[in-house]
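Subject: Structure for you to look at

Hello,

I am passing on the structure we spoke about. Please look through it first; my notes on what was found follow below.

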Amino acid sequence: MSRLNSFRELEHMRRRLCQERQNITTTVMACGGPGCQASQSQAVIAAIRKELSQQGLDGKVRLRATGCHGFCEQGPLIVIEPGNVFYCHVSPDDAFEIVYQTVVKGEVIERLLYTDPVSGEKARTESEVPFYKAQDQQLLSLNRLVDPCAIEDYIAAGGYSSLARVLDRVAPADIIKEIKASGLRGRGGGGFPTGRKWSECREAPGDEKYVICNADEGDPGAFMDRGVLEGNPHLVLEGMMIGAWAVGARKGYIYVRNEYPLAVKYSRIAVEQMRELGLLGENILGTSFSFDVVISRGGGAFVCGESTALMASVEGKVGEPRPKDVHTVVDGLYHKPTVLNNVETWANVPAIIQNGSAWFASKGTKGSKGTKILALTGRIKNTGLVEVAMGTPIHTVVFDIGGGAVNGIPIKAVQIGGPSGGCLPVSKFDLPVDFDVLYEVGSMVGSGGMVVMDEESCMVDVAKYFLAFLQDESCGKCVPCRLGIDRMLEIITDITEGRGTLKQLDLLEELADTVSQTALCGLGKTAPNPVLSTLRYFRLEYEAHINDKKCPAGVCKALITYSIDADKCNGCGACLRWCVQRAITGEKKQTHAIDARLCQKCGICRSECKFDAIRVV
Amino acid sequence: MPSQTLEQILDGRRSQPNQLIEVLHDVQENYGYISEEAMQAVSQGLGVPLMEVCRVASFYKAFKLKPCGRNHLIMCMGTACHVRGARLLLEQAASQFGVNPGEVTPDGLFSVEHVNCLGTCALGPIVRENGAYHHHMTPGKLRKLIESLRRQGTEDRQNVQAK
């Protein structure tokens, strides 16, 4: 690849790539996202590649290993164009048929089609799948168009044209005006207006400025940024470059989780390719703009989601936050003005430049514009990455896209926004995905993690889980967070182990209030949210633990017993064979029994019983 | 064998304290953990006090200060995995190994650690075994996995002894 020295050379390259690609009309898009990879998609891709070659289709059919398509639960996924044919749960053994029957003959393989569990109907194309129907994929849909390791794919799909456009004829101040007008707000958790951040950084004194992309997605239960960065790294980089040009930065950092090896690898490859083409370095596209990007790996500390802690970590130091009397847009990385946005925020920028702020602002609500990617997980049928217009009701996400309850166990709540967010009961499901609305009811959009819980999820246990997480992740610098969370966890542990009193609930609320008002950084300030929201909406569950010494969901070990349902047990002996404690007895074909004194409640019998005969009460 | 020596890792980064975390990542990738000797070399190479190297290495969860077992299991404790019963899996592994998370079994065969999120939430609970992902895990499936790893470990050892 030779260096591109002008806008015309970039345009020429795009035309040439498109012309070269015209002859190949059939494309097999195989999802290589994290979910599908865990389901062996690499083997599927290799098998299809081999099959294409054996059937003489090298150079005639395009096989593209793409980033995440979203529907992880059904992976490995394949989409074949033209025709939008959608196959799920594909295995390497299906490769011959897929190539011979669908690619060559254009016939659909019935058994690989998706069957809607609600209607029982098969979806013949991807767009017919209910999971995708209610979505508005603006960012995720781009994942299908590119191989994350091929800059040619990105350029052929129109990539870097927004950058060329701003460098050519949009003044930095006008870019910021456009971003402000679009109403884009930070997708990482805070929801701060992006345009305002940029403008404050631009106005901050100093010649040396930085832009940072936060790809250290530390929220448990969230993988939106992974989906975007691993699927389309150039989109994120183009957004960063537009931001850098707007604020006057010459250097950028991608702070990425080391737990996401593919994100690290793909962003490194992307940066190398850009340097080769002169899209990074001095005088980009022959203009006065010079910019470079460094990939900086995170150390797996949740507190580094806090801007000042993240910047300390990029500097190679311990990730402790500092008081933000002066904001990072003025005093940030190496004490220079710095814009920090997360992956999804940066990824939204090129399209806003391309289509205009009015286009972006046409989606969403009054205060929350555009689309939001949500990680829909937990006790629900269809899990995966979901992108909806802001303002979409939670109900639509959980039931229409998510497909509702698993095994008929009623859905009880959804936890939105990770450890800083809160749990909302089903009665609040008509609320929209909106920064301000969710904040008012004690939750938050956060980075977009949406964990669904059903009647078998204990809300006290969930609160305890988050407290334990935050206690572990607290950097220990300020007392309210370090000791406050500790004490709150002690109380909740008492409750889940049957030692709780009603008086402790008041103390818990008091502590929560103190911690949120006095902690130094966002981690501490929002730490009580999971406790406060569960106390607010699920107080009865707390009371059941305290008054009746019962865990209604059957989760808290100290308050439950395992037993066998005589009506369902057929005496197959599977539980007996696997019980390590030898707590289960019974003759073959006779109802078995569990000796509660020996039972360790390890859950093996329950997972091995095929007849759902193990009861936990 | 590490593919890069400490010297090679430090090459081009000497006297650059801001490279500390990157260097520690590379040390761990090559050696499996960060030893005291490595910390001393890094401290000298980058010009960062040993105490600061130690502080950074112990602050971040990503860094291991002790070697892992031959089979290293990583249990995801993310929210999505948690509501699908991940805690039972961690307890299962710890009781089967007879050691706490972060420790190595006396035969050196196993170690287990828990992480906050592996980012494969849709398929939870997730267990990563020597780099391979096992999704939708149950206590029963985990028990079988560990037993098959143990059998293989014992066979390998017998083969080595036979040779």
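In this predicted model, strand 7 (residues 210-215) of chain A runs parallel to strand 8 of chain A, and six bridges join the two. Asn214(A) has Tyr255(A) in strand 8 of chain A as its bridge partner. Strand 8 (residues 251-256) of chain A also pairs with strand 9 of chain A, again in the parallel sense and over six bridges; here Val256(A) stands opposite Arg297(A). With helix 12 (residues 261-277) of chain A, strands 8 and 9 of chain A form a right-handed β-α-β unit. Five of the six residues of strand 8 of chain A are buried.

Strand 13 (residues 411-416) of chain A has six of its six residues buried. Five bridges connect strand 13 to strand 15 (residues 449-454) of chain A in an antiparallel arrangement, with Ile411(A) partnered by Asp454(A). Strand 13 of chain A is also antiparallel to strand 14 (residues 422-425) of chain A, over four bridges, and Val414(A) stands opposite Leu424(A) there. The hairpin of strands 13 and 14 of chain A has five residues between the strands, and in it Gly417(A) takes a positive phi near 95°.

Last, the contact between the chains. It takes 46 residues from chain A and 40 residues from chain B. Among the elements of chain A that give two or more residues to this side are strand 9, strand 15 and helix 18 (459-473). By class, the side of chain A that touches chain B has 17 nonpolar, 20 polar and nine charged residues.

Regards

Key: Residues are numbered from 1 along each chain as its sequence is written. Chains are lettered from A and ligands numbered from 1 in the order in which they are written. This is a predicted model: local features need pLDDT of at least 70, side-chain atom pairs count only at pLDDT 80 or more; totals for chains, interfaces and linings use all residues. A residue is buried if 20 or more other C-beta atoms lie within 10 Å of its own, exposed if 12 or fewer, and partly exposed in between; C-beta atoms are placed from the backbone. Two strands pair if DSSP finds at least two bridges between them. Two residues are in contact if their C-beta atoms, placed from the backbone, lie within 7 Å. Ala, Val, Leu, Ile, Met, Phe, Trp, Tyr, Cys and Pro count as nonpolar, Asp, Glu, Lys and Arg as charged, and the others, Gly among them, as polar. A crossover is right-handed if, with the strands pointing away from the viewer, the path from the first strand over the helix to the second runs clockwise.
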